[in-house]
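Please review the following briefing on a single protein chain. It is arranged by topic.

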Amino acid sequence: MFIQHTIMPNLEYDNMVKVARGKMKVAGQTFQYHCYLYEGLLIDTGPPRAKNHIFTFTDNERPNQVFLTHYHEDHSGNAAFLREKFQLPIYSGPQTRSYLSQGFSMPLYRKVLWGRKVPKYRPSILNDHVIQHKSGTLLAIHTPGHSDDHYCLYDPDRKWLFSGDLFLAKKVRFGMKEDSVPRMIESLQHILTFDIQTIFCGHAGIVEKGYDALHAKLEFLLQLSENTIKLYQEGYNIQEITVQLLSKNKKIRWLTHNEFSPHFFIRSIVKETFNS
Ligand SMILES: [Zn+2]
């Protein structure tokens, strides 16, 4: 399958954040990645397919450390290489470290889209859930749901949130097998106890009015859960509820061999609500 990788021009935000970004286009679908450099700290490292891009960015900008929001290859894909090439220390949450040090399997579509397998390596864990950068301290906040190892980084001085894959979009209609909507809801409720202005999303890019955007996503997921539970209690099964409530877009399901599908969202709500 032909993948078109386009490197997009770097962005700068508030003279403090530089963004390396690009997109993969396959069969008319586009997937973007964003890596953020904030005062010497590189947050996420892009997919393996973007190795040359991230190498050039790192060579020019010279970060002094790296944090990975979660183990997925479009975030962790170049960290081992950056450590080897530039001797950069790599940090992550504890679960991310165990996934990356044991190695993890990827469904075929993810290998095709993002590139080769991620080599095994062992990031370091943060002390006390904080990471220092050149002009301040960021808090690492565990925000499971998209994956159970997921962390966001929060800057209390500027009210910025480096949100990894917690946000993605106000209305997310597709998920992966490991997605848990109930845990996403808990993580969004927790993160919304912080005063947030701008969010820096791993795929959607920089979102101003970040608090409102995260709140809109929370509302969407709460409504989806409520509707799912109601329909399930009325006797509909997961497949029927998915067709009623979420996208019927078959193209993404076809492209990903059903690994990326709306029914994982509905399934997680039913399973975790009814323990079935
Ligand atoms: Zn992810």
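What share of the contacts in the chain with a separation of 6 or more comes from residues 24 or more positions apart? Such residues account for 63% of those contacts, two residues being in contact if their C-beta atoms, placed from the backbone, lie within 7 Å. The model is predicted: local features need pLDDT of at least 70, side-chain atom pairs count only at pLDDT 80 or more, and totals for chains, interfaces and linings use all residues. Residues are numbered from 1 along each chain as its sequence is written.

**Overall form**
- The C-alpha trace spans about 55 × 45 × 35 Å along its principal axes.
- Of the 276 residues, 41% count as buried, that is, with 20 or more other C-beta atoms within 10 Å of their own.

**Sheet**
- The chain contains 10 helices and 15 strands, taken as DSSP runs (helices H or I, at least four residues; strands E, at least two) numbered from the N terminus.
- An open sheet of mixed pairing is formed by seven strands in the order E1-E2-E3-E4-E5-E6-E7; strands pair if DSSP finds at least two bridges between them.
- Its edge strands are E1 (4-13) and E7 (124-125), each pairing on one side only.
- Eight bridges join E1 to E2 (residues 17-26) in the antiparallel sense, and Glu12 stands opposite Lys18 in E2.

Definitions and conventions
Buried ≥ 20, exposed ≤ 12 C-beta atoms within 10 Å, placed from the backbone.
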